[in-house]
Amino acid sequence: LADGNLVVANGHGIDFSATGGPTNGSGSSELFDDYEEGTFSPTFQQGMSVSSYSAQNGKYTKVGNLVTAQIDLDINSGSANSSHVYIGGLPFTSFDGAPYGGGFISYNGGWHNALISFIVIANATYLAVYAQADGGSITGNALSDFDATIRITAIYIAA
């Protein structure tokens, strides 16, 4: 191509079947049929009621069915409750089964005072927040500051 893009019809892609399968396990597809980049608006879906954000940004890249999402939530004010904290608004519904996706904090500006982890719930568009020390759920009441920043990278398989 001298100028422009290679366009492949919807439902088709680049076939890598001549490369062979994995040494250990089995491959289910060797067709590269999807690539996408975009933005989304993450929110606290449960455990917190945020009245205002100074930043509410999400960016994603989807290659095949693998989604990598970056989340930046800067909370100005809000209130907490005893519900498990969920961060919602992921751009694609997750795969309905194991293995589950997860996330990690890339920046914690006063949001929580202990190590936490994130699990992408099966067949959903949100992350559930858990304590790394014991695997217990983090509730809104456990948060240390409502004038805080949290940046998360999540990786999961889309349905």
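**Exercise 1. Decide whether K62 is buried or exposed.**

Solution. K62 has a relative accessibility of 10%. The cut-off for buried is under 20%. K62 therefore counts as buried. The model is a predicted one, and this value is computed from it. As for its place, K62 belongs to strand β5.

**Exercise 2. Find what surrounds the side chain of K62.**

Solution. Step one: list the contacts. With neighbours within four places in sequence left aside, K62 is in contact with D34, Y35, E36, V67, F92 and A158.

Step two: look for polar partners. The side chains of K62 and D34 are joined by a polar contact of 2.4 Å. A polar atom of the K62 side chain also lies 3.1 Å from the backbone oxygen of G64.

Step three: look for a ring. The charged end of K62 sits over the ring of F92, at 5.1 Å from the ring centre.

**Exercise 3. Classify the aromatic pair of F40 and Y60, and state which parts of the chain it ties together.**

Solution. Step one: the structure holds three aromatic pairs. In the pair of F40 and Y60, the ring centres are 6.5 Å apart and the planes stand at 45 degrees. Planes under 30 degrees apart count as stacked and over 60 as edge-to-face, so the pair is tilted.

Step two: F40 lies in strand β3 (residues 35-40) and Y60 in strand β5 (residues 48-63), so the pair ties together parts that are 20 residues apart in sequence. Both F40 and Y60 are buried.

**Exercise 4. Describe the largest nonpolar core and the surroundings of F44.**

Solution. Step one: the core has 29 residues, and those touching the most other members are F44, I71, I87, L90, W111, L127 and V129.

Step two: the elements giving two or more residues to this core are β5, β6 (66-80), β9 (116-120), β10 (126-131) and β11 (149-157). β6 provides the largest share, five residues.

Step three: leaving out residues up to four places away in sequence, F44 touches V50, Y53, L73, I75, V85, Y86, I87, W111 and I150.

Technical notes
Residues numbered from 1 in each chain as written. Predicted model: local features only at pLDDT ≥ 70, side-chain atom pairs only at ≥ 80, totals over all residues. Heavy atoms only, no water. Phe/Tyr/Trp six-rings, centres within 6.5 Å; stacked < 30°, edge-to-face > 60°. Helix = DSSP H or I, 4+ residues; strand = E, 2+ residues; numbered from the N terminus. Buried < 20%, exposed > 50% of the residue type's maximum accessible area, 1.4 Å probe, protein only. Lys NZ or Arg CZ within 6 Å of the ring centre and 35° of its normal. Polar contact = N/O pair within 3.5 Å; in protein donor to acceptor, adjacent residues only side chain to side chain. Contact = heavy atoms within 4.5 Å. Core = buried A, V, L, I, M, F, W, Y, C linked by side-chain atoms within 4.5 Å.
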